[in-house]
Amino acid sequence: MNSLLIGELSPEQPSFEPTKNKELTNEFRELRATVERMGLMKSNHLFFLLYLLHILLLDVAAWLILWVFGTSFVTFLLCAVLLSVVQAQAGWLQHDFGHLSVFGTSTWNHLLHHFVIGHLKGAPASWWNHMHFQHHAKPNCFRKDPDINMHPFFFALGKVLSVELGKQKKKYMPYNHQHKYFFLIGPPALLPLYFQWYIFYFVIQRKKWVDLAWMCTFYTRIFLTYVPLLGLKGFLGLFFIVRFLESNWFVWVTQMNHIPMHIDHDHNKDWVSTQLQATCNVHKSFFNDWFSGHLNFQIEHHLFPTMPRHNYHKVAPLVQSLCAKHGIEYQSKPLLSAFADIVYSLKESGQLWLDAYLHQ
């Protein structure tokens, strides 16, 4: 950060912006120091090694099923399910490396990030960094968080923005039905119909040739291993089904923590307030932790983005105490309730848009 230092404020200048909670910020800094003293920012390399191994073993098992038992409908379907698990879990693992939360040096994190997202998933690390870092800086802030760029062209998101859209008499979609068409253009379509093709445009347009090379290793490997068993049409069918299943998994998990929360323009609040108003948790369990890549601890992840995921549950009680002291809501809910809240929030914001559109 020294390279960003341009000088000190004059004594008569305020050192803290009035839109920010100074007391909360100072106490969070103390909490951060406590967390570091507790060693919660240090990773357990064995955890991540075993996590990577379980992904690689499932990847090999998916191919072996077809090679050993033939290409019947049952084995084809089982292979697709296993590959979908591989893709989803590799997605959570690349997220760890992308946040530099595994190794002490950025070099090793970047190298493994390229391997997991590039070779195991066929996507560019630079694209993920470009999108995800903006999301963490300003979650749920319109025009600053790319994860909510589907507003207003596909969905009306958040109470404030939906009413604003209605008052402006804008209607790109029938938003009052968005909780229904979400099931068509949301979870099933994001990866196979958008991300799958956009990532190639991204790397070529930005000349990210290293990323493109890593991506090519994925497509070469999967083509050479599955086309001899399934033929070209069978391989393309398998690939589409895997992307379809992965897309459903990815969208439900990534949106359950943010879409039901406060979405608005950026009001330049302090770090802690910005993160907490935009994020919620899902209850801890062995399945929830594995299924979501520990992103069920979204609050802790957003407050401590470089913390290794296996330590989220240890810092959670400390975060809850901080929230209780300052009267900030700390939301945690069951997994299925979190999924349902996505639909409920879309229905509510769609109705708010319609009321404003017709009557304001």
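This is a predicted model: local features need pLDDT of at least 70, side-chain atom pairs count only at pLDDT 80 or more; totals for chains, interfaces and linings use all residues.

**Exercise 1. Decide whether L165 is buried or exposed, and list what L165 touches.**

Step 1: L165 sits in helix 6, which runs over residues 159–167.
Step 2: Compare its accessibility with the cut-off. Buried means under 20% relative accessible area, and L165 comes in at 4%, so it counts as buried.
Step 3: Collect the contacts, leaving out residues up to four places away in sequence. That gives H151, P152, A156, K170, Y175 and W353.
Step 4: Now try a distance. F202 is 37 residues from L165 along the chain, and the C-alpha atoms of the two are separated by 30 Å.

**Exercise 2. Work out how many cavities of 30 Å³ or more the structure holds, and what lines them.**

Step 1: Search the whole structure. Two such cavities turn up.
Step 2: Take the largest cavity, with a volume of about 80 Å³. It has 13 lining residues, and C141, H265, D266, H267 and Q277 are the closest to its centre.
Step 3: Sort that lining by type. You get three nonpolar, seven polar and three charged residues.
Step 4: Move on to the second largest cavity, at about 30 Å³. Around it you'll find H95, D96, H99, S101, H301, P305, M307 and Y312.
Step 5: Sort this lining too. Three residues are nonpolar, four are polar and one is charged.

**Exercise 3. Find which residues touch the most other members of the largest nonpolar core, and which elements build that core.**

Step 1: Pick out the core, which has 42 residues. L93 and M256 touch the most other members.
Step 2: Trace the elements that give two or more residues to this core. They are helix 2 (45–69), helix 3 (73–98), helix 4 (106–120), helix 6, helix 7 (178–185), helix 9 (209–255) and helix 14 (335–359).
Step 3: Zoom in on L93. Not counting residues up to four places away in sequence, L93 touches F48, Y51, L52, I55, V116 and R309.
Step 4: Look beyond this core. Apart from it lies another core, of 20 residues, including M41, V272, F304 and V315.

Key: Residues are numbered from 1 along each chain as its sequence is written. Side-chain values use heavy atoms; hydrogens and water are left out. Helices (H or I, at least four residues) and strands (E, at least two) are DSSP runs, numbered from the N terminus. Buried means under 20% relative accessible area, exposed over 50%, partly exposed in between (1.4 Å probe, protein chains only). Contact means heavy atoms within 4.5 Å. On a 1 Å grid over the protein atoms alone, a cavity is a set of points where a 1.4 Å probe fits but cannot get out, and a pocket is an open set with protein on both sides within 12 Å along at least five of seven lines; lining residues have an atom within 4 Å of a point. Grid points are joined across faces, edges and corners, and a volume is the space filled by probe spheres set on the points. Ala, Val, Leu, Ile, Met, Phe, Trp, Tyr, Cys and Pro count as nonpolar, Asp, Glu, Lys and Arg as charged, and the others, Gly among them, as polar. A nonpolar core is a set of buried Ala, Val, Leu, Ile, Met, Phe, Trp, Tyr and Cys residues joined through side-chain atoms within 4.5 Å.
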